[in-house]
Amino acid sequence: MRFQPFWFDEAITQADIKAAASAPTHGALDTQVCIIGGGFTGLWTAITLKKQKPELNIVIIEKDLCGQGASGRNGGAMLTWSTKFASLIKEFGLEQACFLVRQSEQAVHDIKAFTNKHGIECDCRIDGTYYTASNHSQRNAFGPITTLLEQHQLNAWQTLDKAQLQATGSNANLAGIYSPHAGSVQPAKLVRGLMKVAKTLGVKVFEHTRYLKHLGQDTLTITTDKGEIRANQLVFAVNAWLPSLLPQFSRSVVLVSSDMAITTPAPEKLEAMRLNHGAPVIDARIFVNYYRTTSSGRLMLGKGGNYFSFNNQVRDTFHRASCYQAILERSFSHFFAHHQLEIDRTWTGPSDRSVSGMPFFGHLNGQANVFYGSGYSGNGVVQSYLGGQILASLLLNQHNDWRHCALVNQTLKQFPVEPFRTAGALMVRNAIRRKESAEDNNTPPHKLDVWLSKLSGSAAKLDPNVKQEYIK
């Protein structure tokens, strides 16, 4: 094992490592566009730019190997914003909410078409997704959001009957809904495939190249540990690393882990469990449990909302085996009692959660030629594709729906300063854990825990409370 995150370890080859190590450094370099970050956002941005303006000179710098950050270690669930429709209305209004839901659903199929066209072998399966109630308290979670979507001709979700629910592979799931506009992907193989496409289009990619600082106005000088790059435009596409590089975003996000475990291959057992598809299964709690299979017969399970990083630093905890293996094992047992599946390894991914739960894009400090995109809040596989459309539109100064969408140049809400941010986050996290543990045991949670849990805002992947004023 060379890398702890399973996806990246599976995707990377010795040839990749040798090629990155032996590649020439950029030295003194002139370019039109410099993108910091070789993950999904940076690569989708570069590819979108090249497809629209092939003559554009683009450089990507990545401090590690492309995909070694959050893009190559997440759960690989391709999810949309449809279950966050109420939150979108609250934040951005009905028109923008409808636009973003439709675009996120279309993006799922666009990504699949892109991987097919360019021959990217990344286990991309558009088999839909299941949202489930994994205890009795969650059974009423789906009606309000599907009713709201239905009223605006956006509802692609269907309620599962008892037979259909068996496709989730677990008797712990008591009810659920299904949408065809979703799926799963091997995220590290996708990002490595995107890197190859970008290079084919003429994008210069420099791995093992660390951004240090930048200066300038019309012409920017970007200093890295390998030299200087002069560029006309600069993009920060670093997600969880944004607060470390740009302190003005230190209160715009909170870094929290999503911890994952994956089994050794057991295709016969998964077949018997009816888990012979690529649809992710996500339950309706705040700190979700989620699981999906791979085509090679592995079962991956993840759990959100565990480690909160003080002062939003990407610490070594994010690069090791999960510190929350006991929690992961309890989740395995909750869904797959007596499963007899062997855990291959665990790992941790950093999630840059914004106050609204939505990503944000814009001009850095109002400067017309410096841009940023971040805040995917644990929902970035599909949404980073849209982020690439947004950033490309900003860079090309296009007057289209993406440049003028509500995610651009928002007035960002702020988390409290440290140490109150982390202390408050841990207090709310622990209250949520106690509340959901009580609900799993069919006992009433403490009223204080219920109240504290509401402070998590839009942390859940499915809006927990849809305001009646939204429903006609």
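In which helix is Glu329 found? Glu329 is found in helix H11, which covers residues 325-335; helices (H or I, at least four residues) and strands (E, at least two) are DSSP runs, numbered from the N terminus. The structure is a predicted model, in which local features need pLDDT of at least 70 and side-chain atom pairs count only at pLDDT 80 or more, while totals for chains, interfaces and linings use all residues. Residues are numbered from 1 along each chain as its sequence is written, and side-chain values use heavy atoms, with hydrogens and water left out.

At 47% relative accessibility, Glu329 counts as partly exposed, a class that lies between buried (under 20% relative accessible area) and exposed (over 50%), with a 1.4 Å probe and protein chains only. Glu329 and Leu386 are 57 residues apart in sequence, and their C-alpha atoms are 34 Å apart in space.

**The annotated region**

For residues 33-394, UniProt lists "domain: FAD dependent oxidoreductase" in an unreviewed entry; UniProt positions are given in the numbering used here, feature names are shortened, and annotations may be inferred rather than shown by experiment.

**Aromatic pairs**

A search of the whole structure finds 19 aromatic pairs. Rings of Phe, Tyr and Trp (its six-membered ring) pair if their centres lie within 6.5 Å, and planes under 30 degrees apart count as stacked, over 60 as edge-to-face and the rest as tilted. Among these pairs is the one between Tyr211 and Phe236, which is edge-to-face, with 5.2 Å from centre to centre and 85 degrees between the planes. This pair links distant parts of the chain, since Tyr211 lies in strand E9 (residues 211-216) and Phe236 in strand E11 (residues 227-236), 25 residues apart. Both Tyr211 and Phe236 are buried. Elsewhere, ring pairs link Tyr291, Phe332, Phe335 and Phe336 into a cluster.

**Salt bridges**

Side chains of opposite charge can pair when their charged atoms come close. A salt bridge is a side-chain nitrogen of Lys or Arg within 4 Å of a carboxyl oxygen of Asp or Glu, and a search of the whole structure finds 16 of them.

| Residues | N to O distance |
|---|---|
| Asp9 and Arg345 | 3.1 Å |
| Asp123 and Arg125 | 3.4 Å |
| Arg421 and Glu418 | 3.2 Å |

Asp9 is buried, with a relative accessible area of 12%, and Arg345 counts as buried at 13%. In another pair, Asp123 is partly exposed, with a relative accessible area of 24%, whereas Arg125 is buried at 14%. Arg421 and Glu418 are both buried. Salt bridges that share partners also join Asp9, Arg298, Asp344 and Arg345 into one network.

**Cysteines**

A disulfide is a covalent bond between the sulfur atoms of two cysteines, and here it is identified as a pair of cysteine sulfur atoms within 2.5 Å. The structure holds zero disulfides. The sulfur of Cys34 is 12 Å from the closest cysteine sulfur, in Cys66, which is too far for a bond. For Cys122 the closest cysteine sulfur is in Cys124, at 5.1 Å, and this is also too far for a bond. Cys34 counts as buried at 0% relative accessibility, and Cys122 counts as buried at 1%.
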